[in-house]
Amino acid sequence: MKITSITILFWPLSMLLLSDESQTSKIEVKCNFTAKNYALIPANINKNVTILDLSYNQITLNVTDTRVLQTYFLLTELYLIENNVVILHNNSFGKLSNLEILNICRNSIHIIQQGAFTGLDKLKQLYLCQNKIVQLNHDIFVPLKSLILLNLQGNLISYLDVPQLFHLEFIILYGNPWNCSCSLLNLQNWLNTSNVTLENENITMCSYLDTLKCYNIKTVPYKAECYSKFPSSITEDLYIHFQSISNSTFNSFLNNLTKNSERESQGKSWTFLVSVVVTVLMTSLLISIAIKCPVWYNFLLSYNHHRLEEHEAETYEDSFTRNPSPPPQISDTSSEETIVIFEQLHQFVVDDDGFIEDKYIDTHELREEN
């Protein structure tokens with residue numbers, strides 16, 4: 001009984017303490033540092049800050065700025081309007097789990113990395129207006145599970161995939177050069193069939209094609225060929241299934257092709273090896289023939305030198321004795337020179353065998369004696 005009475009007495013006091021803590025947790029701490037010409041986010045701000053306005057400075061949101069931002073984990077609103085932000089890096093706001101409003105308009109942002117908004121589970125309003133964004137991957141919005149308003153006004157976006165934002169209620173897209181070809185049909189269907197409200201719909205106009213400049217992106221009359229290019233969800237599943245099958249068949253075809261090429265390369269290698277062996281054998285055979293048969297080699301070198309036959313020698317001697325050339329008339333020559341000339345002339349005379357031919361010998365008698 002005493003314990004119950006004590007708890008009854010202290011119950012109102014405990015409720016009062018809890019209400020005071022909840023009120024203190026809801027206290028807003030504002031810090032305004034606009035137009036201070038800051039190049040970095042100051043690190044000496046109150047750690048209990050909930051609303052931080054750093055607009056109209058020179059902040060680039062680099063690695064140092066990201067490290068400082070992680071210390072302000074109680075932030076619910078962050079304003080970086082008209083700074084020098086060019087790239088939103090991964091985990092730029094990683095520990096700001098209480099952030100509900102993020103305004104980065106009027107910067108020069110042209111790249112947003114895949115995990116730039118990781119950790120912003122409670123973010124409700126995202127302002128990226130008047131930057132230089134050309135293309136957005138719809139996967140970057142996946143961490144924003146509580147997002148209600150998305151402002152992309154005044155960028156360079158001509159095409160946008162349907163963002164995966166299930167609680168989105170308002171989207172602002174005017175001031176972009178929208179290409180209203182068939183590629184924008186999915187976005188139009190999403191705007192017309194979901195609960196999303198397109199703010200300033202009447203001025204969210206097409207820039208391309210010229211024939212569609214009088215239409216806004218929600219009322220563009222697409223032809224039947226565009227619907228055939230962008231099938232429904234059922235046909236998309238079939239298409240994906242077919243694509244996977246075709247990829248598998250293509251891969252099997254590549255494998256078979258590589259196997260066949262390997263076989264062909266092996267066959268070609270065998271033929272090449274056989275041809276090399278035959279060439280080596282033929283070359284060695286020719287070399288051995290050339291070495292072991294020098295007679296042919298000598299015959300080829302001296303094919304035009306041979307001994308004169310008997311009748312050829314006689315004709316050569318007759319021609320030489322019948323038409324002897326007179327000795328040259330050399331004036332004032334010495335005896336040695338005349339001897340040399342005489343020896344040169346007698347080089348062509350056939351050696352005398354010592355026998356005297358008798359023309360009166362009867363050839364018939366010689367035959368009978370023989």
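Biologist: Is Cys214 buried or exposed?
Modeller: Cys214 counts as exposed, at 61% relative accessibility. Buried means under 20% relative accessible area, exposed over 50%, and partly exposed in between, with a 1.4 Å probe and protein chains only. This is a predicted model, where local features need pLDDT of at least 70, side-chain atom pairs count only at pLDDT 80 or more, and totals for chains, interfaces and linings use all residues. Residues are numbered from 1 along each chain as its sequence is written, and side-chain values use heavy atoms, with hydrogens and water left out.

Biologist: How many disulfides does the structure hold?
Modeller: There are 3 disulfides, a disulfide being a pair of cysteine sulfur atoms within 2.5 Å. In sequence order of the bonded cysteines, the pairing runs 1-2, 3-5, 4-6. Cys214 is in no disulfide, and the nearest cysteine sulfur, that of Cys206, is 8.4 Å away.

Biologist: Which cysteine does Cys206 form a disulfide with?
Modeller: Cys180, with the sulfur atoms 1.9 Å apart. The pair links distant parts of the chain, 26 residues apart: Cys180 is in the loop between strand E10 (178-179) and helix H3 (185-193), and Cys206 is in strand E12 (residues 206-208). Helices (H or I, at least four residues) and strands (E, at least two) are DSSP runs, numbered from the N terminus. Both Cys180 and Cys206 are buried.

Biologist: Why is the disulfide of Cys180 and Cys206 left-handed?
Modeller: Because the torsion about its S-S bond is about -90°.

Biologist: And where does Cys182 lie?
Modeller: Cys182 is in the loop between E10 and H3, and its partner Cys226 is in helix H4 (residues 224-229), so the pair ties together parts 44 residues apart in sequence. The torsion about their S-S bond is about -55°, so this disulfide is left-handed. Cys182 counts as buried at 14% relative accessibility, and so does Cys226 at 5%.

Biologist: What does Cys105 join to?
Modeller: Cys129, with an S to S distance of 1.8 Å. That link is right-handed, with 105° about the S-S bond.

Biologist: OK, surface now. Which residues form a nonpolar patch?
Modeller: Val274, Val278, Met282, Leu285, Leu286 and Ile289, with about 550 Å² of accessible area together. Patch members have over 30% relative accessible area and no salt bridge; like charges are joined within 9 Å, nonpolar side chains (Val, Leu, Ile, Met, Phe, Trp, Tyr) within 5 Å. A salt bridge is a side-chain nitrogen of Lys or Arg within 4 Å of a carboxyl oxygen of Asp or Glu. Accessible areas come from the Shrake-Rupley method with a 1.4 Å probe.

Biologist: Where does Ile289 lie?
Modeller: In helix H5 (residues 233-292). Ile289 counts as partly exposed, at 43% relative accessibility.
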